[in-house]
Amino acid sequence: MDLSAQSSRELAADQIQTAHPIGRGPSAARHAEDTAQAETFQVSSGIVQVDFDDSENVVVNRPSRKSSFVAEQVTQEPFAPAYGGFFSHMFAPLRRRYFIIVGRATLLIIVLMWASLPVYWGALASSANRTGNLNAWFIDRDGSRVGQGLTEAVQKYSAPGPSLNWQFIKAPNITDDSGIIDMVLQEQVWVAVVIQPNATNRLALARTNGDQSYDPSTAIKVYYSQARNEIATGNYIVPLTTQMLQATTSAYATSTAQRVFAQINSNGQPNSTALQMIANAPQTISPAIGWTMVNLRPYQAPAAQAVTLVGNIFLCIFSFMMTMANSTARDIVSPHMAFLPYLALRIAVPLIVYLPLSASYALVNLAFDLPLGTKFGAGAGFMVFWVYVYLGMAALGLSIEAMITIFTPRFTPFFLFILILYNVSPVVLPPELQPSIYTYGSGFPIWNLSEALRTIMFNTNSHLGRNIAVIVAWILMSCGTMSVLTWYMRRREKRRLCAYATQGKTKASAPSLSMAEKGKEKTVE
């Protein structure tokens, strides 16, 4: 192109800059330059339209045929969002997305209900039909008329509804009740009914001598441990044992009273002396035989139920809240950290945070005077209690921490519900009152934590070693699962980023190739 053409182009560019009201700054200069290099161009400024004819080297100014773009920008009203009803036409795409989200959530919750609620319902549904699995001992240490009569009465006893599994133990070598008490405390049996030695002789002497100090309740002692499971003992052990003893001792008292009065009137003349003795000690006729309930491990702190059952649910929820907060904070640093430091951060931070959380939880229980010093003493008992609460929180919290890796914060609440329900279901009742499938609870954190806390507070049969082993195993398993899932998700993210980068390079190289080809064509021309 010759010199005159170039000067004409520069003149056109100057005219455009003068005419265009927004022609200031780099963007305007670039726009003017691009326009000047075009063979035919138009600029709408609201004032002038410039045409360049390369063949005649003439610049012609004509009035614009349409309103200026700049003028439109200046006079246009500020953008105001549109408002309308939920079912308005303009809401159609948003309404569709809204219903999809709500519908999916509803479907997932329904699936969650059917996958988890039957587990808890099943743990309670058949408990009344399984009382026959609760072992109960009937031990005759009298060996005479009272012991033999009551044993026969219990063997013939049959009542509608639930009943215990009564086993009749002969105890010729038992010198005292200490061995029987140990068996109850070691959870070999739920309840032991023991007819005391010489029960028959003491009753006969009291009738003969008119002993007013005779206490019928000393004839039988019933040993049980309420703290082993307060629900089972309150709903089944004590009521069913009491029902059986009432029926059998009343029947025995009636039969012996008939026999005694028959002996008094054996010659047709009542024995006034015997009648006088019975009048002095009427308890030797009715009830004649009674019993004493001996609660070896009383569940004396009602607030303890908040620790052994509901409190474990609270621990799980607190751990979940900490996991969600840690996930939000972790997103800030995770893109800039290598794998091993990042994994160490994921494991170490929760374990450190659980220390003050578990201490606070333990102090709340201490404020309500729970008997934390029953087994180990006040100070040591509190420390042991804190250790087990901390380990339980770590076992539950790290499992949530591991699963949030794949479930993401959106679906982790679903896992939380399953974790709570499957942990709590085996704890509600003892294994004897549940289907055999619920024995899986002995390998879960809440079951072992609940059993350990019962031992600390009420000195029940100790399985502390097994309890801590199961809880620590859950912690280690969660750490391993978290490591594997973190590695997998990082590897997956790395592959995705590599694929995205490769795709971006491919798209970027395509325009470059086309521009190069166009350049080659111009060079050939």
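Q: Patches are made of residues with over 30% relative accessible area and no salt bridge; like charges are joined within 9 Å, and nonpolar side chains (Val, Leu, Ile, Met, Phe, Trp, Tyr) within 5 Å. Which residues make the nonpolar surface patch of about 530 Å²?
A: Phe-86, Phe-87, Tyr-98, Phe-99 and Val-102 make it. Accessible areas come from the Shrake-Rupley method with a 1.4 Å probe, and for residues only the protein chains shown count as cover. This is a predicted model: local features need pLDDT of at least 70, side-chain atom pairs count only at pLDDT 80 or more, and totals for chains, interfaces and linings use all residues. Residues are numbered from 1 along each chain as its sequence is written, and side-chain values use heavy atoms, with hydrogens and water left out.

Q: Why is Tyr-98 called partly exposed?
A: Buried means under 20% relative accessible area, exposed means over 50%, and partly exposed is in between (1.4 Å probe, protein chains only). Tyr-98 has 45% relative accessibility, so it counts as partly exposed. Its place is in helix 4 (residues 92-125).

Q: What makes Thr-412 buried?
A: Its relative accessible area is 0%, so Thr-412 is buried. Thr-412 sits in helix 12 (residues 378-424). Contact means heavy atoms within 4.5 Å. Leaving aside neighbours within four places in sequence, Thr-412 is in contact with Phe-320, Ile-400, Ile-404 and Phe-407.

Q: How many helices and strands are in the chain?
A: The chain has 14 helices and 7 strands. Helices (H or I, at least four residues) and strands (E, at least two) are DSSP runs, numbered from the N terminus. Of the chain's 525 residues, 38% count as buried.

Q: Which residues of helix 5 are buried, and how do you know where they lie on the helix?
A: They are Val-146, Gly-147, Leu-150, Thr-151 and Val-154. Seen down the axis, they fall within an arc of 125°, so they line one face of helix 5. The arc is that of the directions from the helix axis to the C-beta atoms. What covers these residues includes strand 3 (135-140), strand 4 (165-170) and helix 8 (230-264).

Q: What makes Glu-401 and Arg-330 a salt bridge?
A: A salt bridge is a side-chain nitrogen of Lys or Arg within 4 Å of a carboxyl oxygen of Asp or Glu. Here the N to O distance is 2.7 Å. The pair links distant parts of the chain: Glu-401 is in helix 12 and Arg-330 in helix 10 (residues 304-333), 71 residues apart.

Q: Which residue in helix 11 is also tied to Glu-401?
A: Arg-346 is; it lies in helix 11 (residues 339-367) and Glu-401 in helix 12, so the pair ties together parts 55 residues apart in sequence. The closest N and O atoms of this salt bridge are 3.5 Å apart. Arg-346 and Glu-401 are both buried.

Q: Where do Glu-493 and Arg-496 lie?
A: Both lie in helix 14 (residues 464-524), 3 residues apart, about one turn of the helix. An α-helix has 3.6 residues a turn, so residues three or four places apart point the same way. Glu-493 and Arg-496 form a salt bridge, with the closest N and O atoms 2.6 Å apart.
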